[in-house]
Amino acid sequence: QVHLVESGGGLVQPGGSLKLSCAASRSIFRVYSTNWYRERPGAQRELLGYITPTGATDYGKFIQGRFTISRDDAKDTVDLQISSVRPEDAAVYYCAVPTLNTWGQGTQVTVSS
């Protein structure tokens, strides 16, 4: 069984940037696609995008270029970079490997000046 752990959440000011990371208990990111989701208060969990084992990425149509998913092979993580943070980005962010039906427990992002 694989465990995923998200990190990097916390308090960020509007207009700032943030990098979230997803680490796994064993090396899987070059084998399986990894998704990033977020769950805003009172809303359904939404798919932000994903990265494939080859490094290809795709994003939800609402992303508008502020989110970038990448893989750091040296650290063996899949990262989510959020730029020009907005108050509506406040959420719990999750990574998941759908093929393995595995989710992390999420990392909270709070946006406040």
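**Rings first, then strands**

Modeller: Counting rings of Phe, Tyr and Trp (its six-membered ring) as a pair if their centres lie within 6.5 Å, with planes under 30 degrees apart called stacked, over 60 edge-to-face and the rest tilted, the count comes to 2 aromatic pairs. In one, the rings of tyrosine 37 and tryptophan 103 have centres 4.5 Å apart and planes at 40°, so that pair is tilted. It links distant parts of the chain: tyrosine 37 belongs to strand β4 (residues 34-39) and tryptophan 103 to strand β10 (residues 102-103), 66 residues apart. Strands here are DSSP runs of E, at least two residues long, numbered from the N terminus. The other pair is tyrosine 94 with tryptophan 103, which is edge-to-face at 6.4 Å centre to centre and 75° between the planes.

A word on ground rules: this is a predicted model, where local features need pLDDT of at least 70 and side-chain atom pairs count only at pLDDT 80 or more, while totals for chains, interfaces and linings use all residues. Residues are numbered from 1 along each chain as its sequence is written, and side-chain values use heavy atoms, leaving out hydrogens and water.

Back to the rings: Tyr37, Tyr94 and Trp103 make up one aromatic cluster. How accessible are they? I'm calling a residue buried under 20% relative accessible area, exposed over 50% and partly exposed in between, with a 1.4 Å probe and protein chains only. Tyrosine 37 is buried at 15%, and tyrosine 94 is buried too, at 11%. Tryptophan 103, at 35%, counts as partly exposed.

There's also a charge to look at. A charge sits over a ring if NZ of Lys or CZ of Arg is within 6 Å of the ring centre and within 35 degrees of the ring normal. Arginine 45 lies over the face of tyrosine 94, 3.8 Å from the ring centre, and also over the face of tryptophan 103, at 4.8 Å.

Now for the sheet. Two strands pair if DSSP finds at least two bridges between them. Strand β9 (residues 91-97) runs antiparallel to β11 and is joined to it by 3 bridges, with alanine 91 partnered by valine 109. Strand β2 (residues 10-12) also has 3 bridges to β11, but those two run parallel; leucine 11 has threonine 110 as its partner there. As for β11 itself (residues 107-111), Thr107, Val109 and Val111 form its covered face, while Gln108 and Thr110 form the uncovered one.

The structure holds 1: cysteine 22 with cysteine 95, sulfur atoms 2.1 Å apart. The link is right-handed, with 70° about the S-S bond. It connects distant parts of the chain, cysteine 22 in strand β3 (residues 18-24) and cysteine 95 in β9, 73 residues apart. Both cysteines are buried.

From β3, step across to β8, an antiparallel partner over 6 bridges; leucine 18 is partnered by isoleucine 82. In strand β8 (residues 77-82), 5 of the 6 residues are buried, so it is largely enclosed by the rest of the structure. Strand β7 (residues 67-72) is also joined to β8 by 6 antiparallel bridges, and there phenylalanine 67 has isoleucine 82 as its bridge partner. The β7 and β8 hairpin has 4 residues between the strands, and aspartate 76 in it takes a positive phi near 55°.

Conventions
Disulfide = S-S within 2.5 Å.
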